[in-house]
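Reader: Could you walk me through reading aromatic pairs and charged patches? I would like the general idea first, then the case at hand.

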Amino acid sequence: MAEKLPLPLLLSNSPLTKPPLPNQHSTSSPTPSPSPSPIIIKPLLQDLFSDQNSTSSRNLQITHSPPHAASNRRRRWSNHRLSSRGQQILNTLIDPSFDSNRFDEIFPQLFEQTSSSTQESLSWDIFGIIKGLGFHKKCELALTVFDWVRSREDRISLLNGPMIAVIISILGKTGRVSHVASLLQDLETNGVEVDVYAYTSLISAYANNKRYKEALKVFNKMKEVGCSPTLITFNALLNVYGKMGMPWTEIIDLVQDMKSHGLAPDLCTYNTLITCCRAGSLYEEALDIFEEIKSAGFTPDMVTYNALLDVYGKSRRPKEAMEVLKWMESSGFPPSIVTYNSLVSAYVRGGLLEEALELKIQMVKKEIKPDVYTYTTLLSGLVNAGKYDFAMKAFEEMRTAGCKPNICTFNALIKMYGDRGMFAEMEKVFKEIKASKCPPDISTWNTLLAVFGQHGLDSEVSGVFKEMKRAGFVPERETFNTLISAYSRCGSFDQAMAVYKRMLEAGMTPDLSTYNAVLAALARGGLWEQSEKVLTEMKDGGCKPNEVTYSSLLHAYANGKEIERMNALAEEIYFGTIKTHALLLKTLVLVNNKVDLLTETERAFLELRKKGIPPDITTLNTMLSIYGRRKMMDKTREILSYMYENGFTLSLTGYSSLMYMYSHTKDFQKSEKILRDIMRKGVEPDVISYNTVIYAYCRNGKMAEAKRILEEMKDPAPAPDAVTYNTFVATYAANSMFVEAIGVVQSMIKQGCNPNRSTYNCIVDRYCKLNLRDEAYNFVQNLGNLDPHVPEEEKSRLLKRIARKMAII
């Protein structure tokens with residue numbers, strides 16, 4: 001199955017030229033005057049997936065739009081106190097026809113000014129020229145100017161803090177932040193003062209390149225050298241804390257540190273604090289900050305409202321998000337594309353897809369054109385809801401509208417096909433990524449890890465992780481979180497916990513997603529006691545549990561058969577002690593089905609409907625499962641009708657429930673009909689699908705048909721497992737066909753499938769039921785001839801079982 005996935009497609013042998021970075025210009029770099037340590041760097045050819053610092057490689061952030069308002073077309077250039085000669089030289093350098101070979105002829109003219117020119121005015125001219133070149137995306141020329149100046153003997157009087165800060169910013173924007181540390185060291189060695197402007201710019205540059213630990217080290221160095229941080233420094237550091245998902249308590253401690261320096265928060269501080277609430281879905285804290293903005297005498301701006309909307313979107317709070325929209329409009333801020341994307345995200349995360357689609361229609365009516373982020377958010381939501389046909393329609397609409405897919409879009413498509421086990425279609429997406437020259441990002445790798453983990457393919461998970469590191473991508477916290485989830489889904493709990501330990505050793509602070517990934521791993525093993533301890537650890541560490549946290553705790557109780565604890569937690573949800581949330585109600589449907597409580601499952605499902613929350617594909621599959629197991633045909637038809645009417649695409653899980661139901665009825669042949677339907681639709685059946693059809697035929701004595709299905713279980717179909725063979729053994733034994741039953745065991749062993757306890761129990765139990773004591777004992781005593789690897793403990797267990805059953809007879 002997964003071995004068909006050609007990972008080399010992601011790692012092309014033919015290197016592709018890295019697309020120009022946002023602030024790079026295609027003009028070749030001029031040769032600078034000699035300098036102590038040149039910082040002009042030749043552009044490198046990069047393979048697909050090879051540049052971890054490229055600004056074109058981003059995490060999946062489908063709720064943000066490009067900063068249209070910040071584009072050069074809408075910003076005005078300030079001359080930054082340029083003299084007339086300085087402005088003339090800048091105009092020459094930014095002219096499209098300028099030949100970089102003339103740099104040594106043009107730029108030195110700045111130093112041929114009249115004697116009345118001071119070093120200070122000259123310094124400001126240099127600063128203005130560098131700033132202007134950066135603004136006009138002539139970054140290589142800006143760096144050349146800086147190198148030329150710092151090669152002069154009077155560089156100490158010419159180079160100032162703001163100028164160094166601008167150069168650091170340019171290096172950061174062009175993906176060359178690694179060279180900044182050596183630059184600063186060289187400047188200090190040559191007597192140039194590195195001030196708070198430079199340090200603050202370096203913190204921002206590291207943050208923009210996702211090198212958060214280095215940003216923190218810069219702040220610590222500032223303290224060591226006695227450089228007092230400014231308000232802008234603290235705001236930059238708060239942004240780092242937010243990107244790192246630091247605990248809220250540590251963020252508040254940083255604010256207190258800022259105040260201890262005599263610095264009062266400004267609007268930027270408050271806006272950044274609201275943004276920090278996004279990672280932990282801290283919508284209540286975000287609202288408190290919003291109120292504090294007004295009480296502190298500030299007026300919320302567009303950034304404030306959009307940041308608050310984003311937090312509500314991440315927190316799955318669409319109703320509150322709509323309230324924020326009303327506040328915005330009443331305050332004179334018309335909603336922008338960023339606003340609507342946050343709203344669409346809120347509805348999608350809240351499972352309200354119809355409302356999200358309606359918002360897109362409203363956008364068009366208000367002449368706000370949906371962008372790639374709008375469409376990708378909707379696409380992801382439809383994929384997560386199992387509405388694959390609608391998802392493809394959204395994708396086609398996006399292309400028809402002339403909206404070019406980005407890597408986030410492709411990641412959503414990979415997930416869609418991966419969720420359904422359609423690996424051949426995933427391969428087509430990889431080819432399209434390559435053809436479109438859309439650089440895959442860390443989220444592409446994370447999506448692959450999640451897909452293979454979902455299918456229990458632990459070797460593929462490990463392989464993808466190795467390939468990811470080989471491609472030069474540094475695992476981020478989200479990667480570790482995905483790995484923890486992937487390994488736990490594969491049943492590799494020890495590996496999941498080893499990943500968690502490795503993450504801590506790498507100096508990464510667990511965030512809400514990390515704790516939730518660990519809780520999900522514990523839940524799969526039914527380790528409810530450890531889950532409760534993790535919950536306590538979260539709260540003690542200032543990490544606020546959310547609906548995902550309590551969802552995992554419900555699963556832990558269900559898998560651990562702690563029904564009373566599960567029911568107690570359910571009542572807290574129903575009565576609002578724990579905030580009732582769509583996810584928690586859907587989880588209650590799942591866990592009650594898991595422990596086969598029909599009444600409680602229906603209660604949760606009806607509560608969902610009563611609150612107007614549309615069920616998703618997982619919830620509907622669960623209802624199919626519990627009704628199918630109980631052969632409640634009318635109820636099953638109701639669910640199917642709802643699914644078809646609302647555009648849901650039946651998944652393999654849903655098909656399996658129907659196959660199981662029909663396998664226990666007089667219409668058992670329909671099980672195979674459903675199997676054929678699955679295959680025609682391009683969904684790969686799993687071993688459970690085949691086993692269900694075999695069971696249907698065996699149960700009804702159609703052994704020839706069952707054998708025919710068994711013969712199909714060859715590559716590319718999944719190989720028969722112990723359940724497959726045991727179904728034949730049990731059927732033959734039940735009909736006293738012991739020779740045939742033993743023959744199946746022989747075939748089973750020959751195919752490399754080890755018999756288990758159920759295999760031998762079927763045979764000895766039937767002997768006992770027929771009062772064939774001697775035959776039962778002989779079978780066990782000669783078991784070594786049939787199965788040379790059977791342990792003595794197993795033979796001893798079977799002999800005791802025979803004695804116990806014969807005693808009852």
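Reader: Is tryptophan 327 buried, partly exposed or exposed?

Author: Tryptophan 327 is partly exposed, at 29% relative accessibility. Buried means under 20% relative accessible area, exposed over 50%, and partly exposed in between (1.4 Å probe, protein chains only). This is a predicted model: local features need pLDDT of at least 70, side-chain atom pairs count only at pLDDT 80 or more, and totals for chains, interfaces and linings use all residues. Residues are numbered from 1 along each chain as its sequence is written, and side-chain values use heavy atoms, with hydrogens and water left out.

Reader: How many aromatic pairs does the structure hold?

Author: A pair of aromatic rings is described by the distance of the centres and the angle of the planes. Rings of Phe, Tyr and Trp (its six-membered ring) pair if their centres lie within 6.5 Å; planes under 30 degrees apart count as stacked, over 60 as edge-to-face and the rest as tilted. The structure holds 17 such pairs. One of them is stacked, because the ring centres of phenylalanine 290 and tryptophan 327 are 5.4 Å apart and the planes are at 15 degrees. Phenylalanine 290 is buried, with a relative accessible area of 1%.

Reader: Which residues do ring pairs link into a cluster?

Author: Phe103, Phe107, Phe111 and Trp148 are linked that way.

Reader: Which residues gather in a patch of positive charge on the surface?

Author: Patches are made of residues with over 30% relative accessible area and no salt bridge; like charges are joined within 9 Å, and nonpolar side chains (Val, Leu, Ile, Met, Phe, Trp, Tyr) within 5 Å. A salt bridge is a side-chain nitrogen of Lys or Arg within 4 Å of a carboxyl oxygen of Asp or Glu. Here the patch gathers Arg489, Arg524, Lys561 and Lys594. Arginine 524 is partly exposed, at 35% relative accessibility.

Note on methods: Accessible areas come from the Shrake-Rupley method with a 1.4 Å probe; for residues, only the protein chains shown count as cover. Lys and Arg count as positive and Asp and Glu as negative; His and the chain ends are not counted. The place of a charge is taken as NZ of Lys, CZ of Arg, CG of Asp or CD of Glu.
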